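Me: I would like to learn how to read a few features of a fold. Could you take me through them one at a time?

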Amino acid sequence: MSEVRIATRDGYGQTLVELGKEHDDIVVLDADLAAATKTAMFKKEFPDRFFDCGIAEANMMGIAAGLASTGKVPFASSFAMFAAGRAYEQVRNSIGYPELNVKVCASHAGISVGEDGATHQCNEDIALMRTIPGMMVVVPSDDVEVKAATRALYEHKGPSYMRLGRLAVPVINDNPDYKFELGKGVLLKEGKDVTVIATGLPVCECLEAAKELEKDGISAEIINIHTIKPIDEDIIIKSASKTGKVVTVEEHSVIGGLGSAVCDVLSEKHPVQVRKIGINDVFGESGPALELIAKYGLDAKSIYAKIKDFC
C-alpha cells in the first residue's frame, strides 16, 4: 500500500480530460459544483463540451438523457445526495427506463463528506441505484481504480452510476498485476478463516485490519468488490466456501448496499454466516471526516475488533 493519498474524485477529473482528448463524443455536465466534483478540469480543456446546468440536478439528468439520445456519451456529475437522491426520478425514468448511455458520477458520498453534515452525507445511494433495472453501480477504492473505472464506463454501453469520495485515501492498487474489469471482484489477500468483502473507502482499512488479525492467528481473505451491480458471484461463493464466514464492509447503510447484495448471493447459492459493517440505520453528523469514520466504526481499529469478535 502506497503512502500517497488521493481522493477518487481527483482521478475522475483527470481521466475525463484524457478521454476528452481521445474521443470527440464525450460531454460532461455538472450542477454548479465543478470545482468540488473535479469536472472543472474538463471544463478548462473543453469548454464547448461542458454544460453547467446550475443547481438543477433533475434538469441535468434530463439534458444528459437528451445528449445520449443523439449519440453523445454524457458524464453527469454532482454530489451523491443530489445525483442519486434529488434526481432519482429523472435517473430512473429518463435514463434507466429508456436504457440510455449516461454515466452518472457522484462525488462526496458517505460520512467522509465530514463537516457538511447529515444532509449531504448520502449513505443510501448504492441502495437507490442498484434497484434501477439495468443500472450498473461502481465504487472505486482508490486513484488507480477510479481511473480504470472511468475508462471502462466510457466503453460500457448503458446507464451507470459511479460513487466517488471527497476524502483522500491511500493508493492500494499500484502494482503491475492489478487488472480492472467491470463486474469482477479483486482478491487482495488470501486467507482461510474469514472472508472480508469491502468496497470503496474501507478497502484500505480492511487491509490494515487484516494485519492485526494475523497477529491473533486469524487469517482473513480480503476481496475488493468495485462493481456492486452486476456483482461477482463467483469470487464471493468461492471464498465463502473456503472460509465459512463472511464480513462485508462499506461506507454506506447496511440496508441495501454491498452487504445486502452479498447476502442476496449467499442466501440463494451458498448460505453462511454474514456480518455487515457499515452505517447502522442512522443519519451521519457534522465533524472531521477521519473522526466520523472512527466514530461510525469504519476505521481499521474498529473493523479489526468487529471481525475478531465475529470469528
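Me: In which crossing, left-handed or right-handed, does H10 pass H11?

Reply: First, some ground rules. This is a predicted model, in which local features need pLDDT of at least 70 and side-chain atom pairs count only at pLDDT 80 or more, while totals for chains, interfaces and linings use all residues. Residues are numbered from 1 along each chain as its sequence is written, and side-chain values use heavy atoms, with hydrogens and water left out. Helices (H or I, at least four residues) and strands (E, at least two) are DSSP runs, numbered from the N terminus. A crossing is left-handed if the near helix is turned anticlockwise from the far one by less than a right angle, and right-handed if clockwise. Here H10 passes H11 in a right-handed crossing.

Me: At what angle do the axes of helix H10 and helix H11 cross?

Reply: Axes are lines fitted to C-alpha atoms, for helices over the stretch in contact, with angles from 0 to 180 degrees between N-to-C directions. Those of H10 (residues 233-243) and H11 (residues 258-269) cross at roughly 60 degrees and come within 10 Å. That makes H10 oblique to H11 (under 35 degrees is roughly parallel, over 145 roughly antiparallel, 65 to 115 roughly perpendicular, the rest oblique).

Me: Which residues in H10 and H11 meet?

Reply: Contact means heavy atoms within 4.5 Å. From H10 come Glu-233, Ile-236, Ile-237 and Ala-240, and they meet Val-262, Val-265, Leu-266 and Lys-269 in H11. An α-helix has 3.6 residues a turn, so residues three or four places apart point the same way.

Me: How many aromatic pairs does the count come to?

Reply: A pair of aromatic rings is described by the distance of the centres and the angle of the planes. Rings of Phe, Tyr and Trp (its six-membered ring) pair if their centres lie within 6.5 Å; planes under 30 degrees apart are stacked, over 60 edge-to-face and the rest tilted. By this rule there are two aromatic pairs. Phe-42 and Phe-46 are tilted, because their planes stand at 45 degrees, with the centres 4.9 Å apart. Phe-79 and Phe-82 are stacked, at 6.0 Å centre to centre and 10 degrees between the planes.

Me: Is Phe-79 buried or exposed?

Reply: Buried means under 20% relative accessible area, exposed over 50%, partly exposed in between (1.4 Å probe, protein chains only). Phe-79 is buried, at 7% relative accessibility, and Phe-82 is buried at 13%. Phe-42 and Phe-46 are buried too. Thr-70, by contrast, is exposed at 59%; this residue sits in the loop between helix H4 (57-69) and strand S4 (73-79).
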